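Colleague: I am new to this structure and would like to learn how to read it. Could you take me through some features one by one?

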Amino acid sequence: MLHRWLHINTNDPVERNAYYLIVEVFWAAILGAIATFNGVYAVRLGASNTDIGLLNSIPALLAIIVSIPAGKFLQSRPLRKPWILWSLGLHRTGYLLVALVPLLKIFNLPVGEIAVWLLILNTSLASFFNTGWIPMLAEVVPEERRSAVFAARNMVNGLTASLVVFFGGLFLNNVIFPVNYQILYTFGFAASMLSQLVLVKINAPEVPAPPAPPKIRRTLRQQAGDLRRYFGEQPGFTRIVVNTFLHGSGVWMAAPVYILFFVRTLGADEAWVGLNGTVNGLATIVGFMFWRWGMKRLGEPLTLKLTIVCAGLYPLLVGVLGNLGWILLATAFNALVVAGINLSHFTTLLKVIPKVRRPEYFAVSATLVNIGAFIMPLVGVALGEIVGFGPVLILCGVLTIAGSTSFWWWPVVFESGSRAKLLDGAGHE
């Protein structure tokens, strides 16, 4: 049995939650892997370069609009799990509508553009879910078990996604379009419903809501004051948000450019996109295995510093190499690096956010970060149409490396007791 292999005692409520979180990600990873082909699907349906830019940009705008209201709404609910799961279920159901888009061709409608906007609108539900999901994870998995559970989840996700995206790419290449995508999206939806059933079994505790502030209309100036209060109360929160924004500018700018460069410039087909996803998934597994061990010895802050400055090498290498075969090697290296970033960044973020106000703080973080994620993809596509997608990726790599150095020259502040301390490489003063 899986729980025995993982050394999990399912009679213990905490261990049982960990077991369910690892099991459900197997089913969730199937739809997640299939979503890898969203951009290619839109291109095949006739979406323009601008549409692909919007597919990466507008979801961030929706997250800006949704995150803080969602965070405040969930903050006021002692039992948040039903709201989180309902939003996730509705988001996953949206893929059935995406699968039906090609049928609209009979009405002579721009199906590529419609597919893009359906995928965009579907993300508003995902934004609500994400606002509550990470704080809920922090409640059901104690701090001492987080790195192990999250590493296991990501390894299961990586292995599952690797297989699904590889065979999915072959399937798409060998079955007539658009029936191939319709079958694949329907299969992904069915698998995600099994994930939903497992999530229902997780025992999420009630969380006492903080006293609600008086309901009064607030001016923009007052709201800006609220924002300053968030930053003033938690120095570590301020630093990780600002540093993440600086690091992410190049990453967000590159996001829509990859698929345009692969498909339009280098002529990649679905089979190559699937193979690239497989390489990414397998290397991610190795990365999480390594960094789960390495982070115990280096500490979260040093792990984050070492890995995040390497993130810009991927867009830089992709733009310089311009060869689908060599890009697979770059993908493998990037996955090893990103595994360390995700593991250390996530656990560090949880530590610098007040426990009782996690949904609220996480919503503020998501809102600020998504401002960059909204603007930069549009900039990337616009520049790509002027100078070419390869040179833009090189620029994205340089920006990412430069922005990531902020984690070194402005390190995270971690609250401990009544005083703050700067975390150095090993987490010592």
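Modeller: Gladly! Let us begin with burial: a residue is buried under 20% relative accessible area, exposed over 50%, and partly exposed in between (1.4 Å probe, protein chains only). Please keep in mind that this is a predicted model, where local features need pLDDT of at least 70, side-chain atom pairs count only at pLDDT 80 or more, and totals for chains, interfaces and linings use all residues. Residues are numbered from 1 along each chain as its sequence is written, and side-chain values use heavy atoms, leaving out hydrogens and water.

Colleague: Which residues of H16 are buried?

Modeller: Helices are DSSP runs (H or I, at least four residues), numbered from the N terminus. In H16 the buried residues are Phe-389, Gly-390, Val-392, Leu-393, Cys-396, Gly-397, Thr-400, Gly-403 and Ser-404. Seen down the helix axis, they fall within an arc of 155 degrees (taken from the directions from the axis to the C-beta atoms), so they line one face of H16. The general idea is that an α-helix has 3.6 residues a turn, so residues three or four places apart point the same way.

Colleague: How many disulfides does the search find?

Modeller: In general, a disulfide is a covalent bond between the sulfur atoms of two cysteines. Here a disulfide is called when two cysteine sulfur atoms lie within 2.5 Å, and the search of the whole structure finds 0. As for burial, Cys-396 is buried at 0% relative accessibility, while Cys-310 is partly exposed at 23%.

Colleague: How many salt bridges are there?

Modeller: Side chains of opposite charge can pair when their charged atoms come close. The rule asks for a side-chain nitrogen of Lys or Arg within 4 Å of a carboxyl oxygen of Asp or Glu, and the count is 2 salt bridges. In one of them, Glu-24 pairs with Arg-153, with the closest N and O atoms 2.8 Å apart. Glu-24 sits in helix H2 and Arg-153 in helix H7, so this pair ties together parts 129 residues apart in sequence. Both Glu-24 and Arg-153 are buried.

Colleague: And what about Glu-270 and Arg-44?

Modeller: Their side chains form a salt bridge at 2.9 Å, N to O. This pair links helix H11, which holds Glu-270, with helix H3, which holds Arg-44, 226 residues apart. Glu-270 is buried at 5%, whereas Arg-44 is partly exposed at 34%.

Key: Helices (H or I, at least four residues) and strands (E, at least two) are DSSP runs, numbered from the N terminus.
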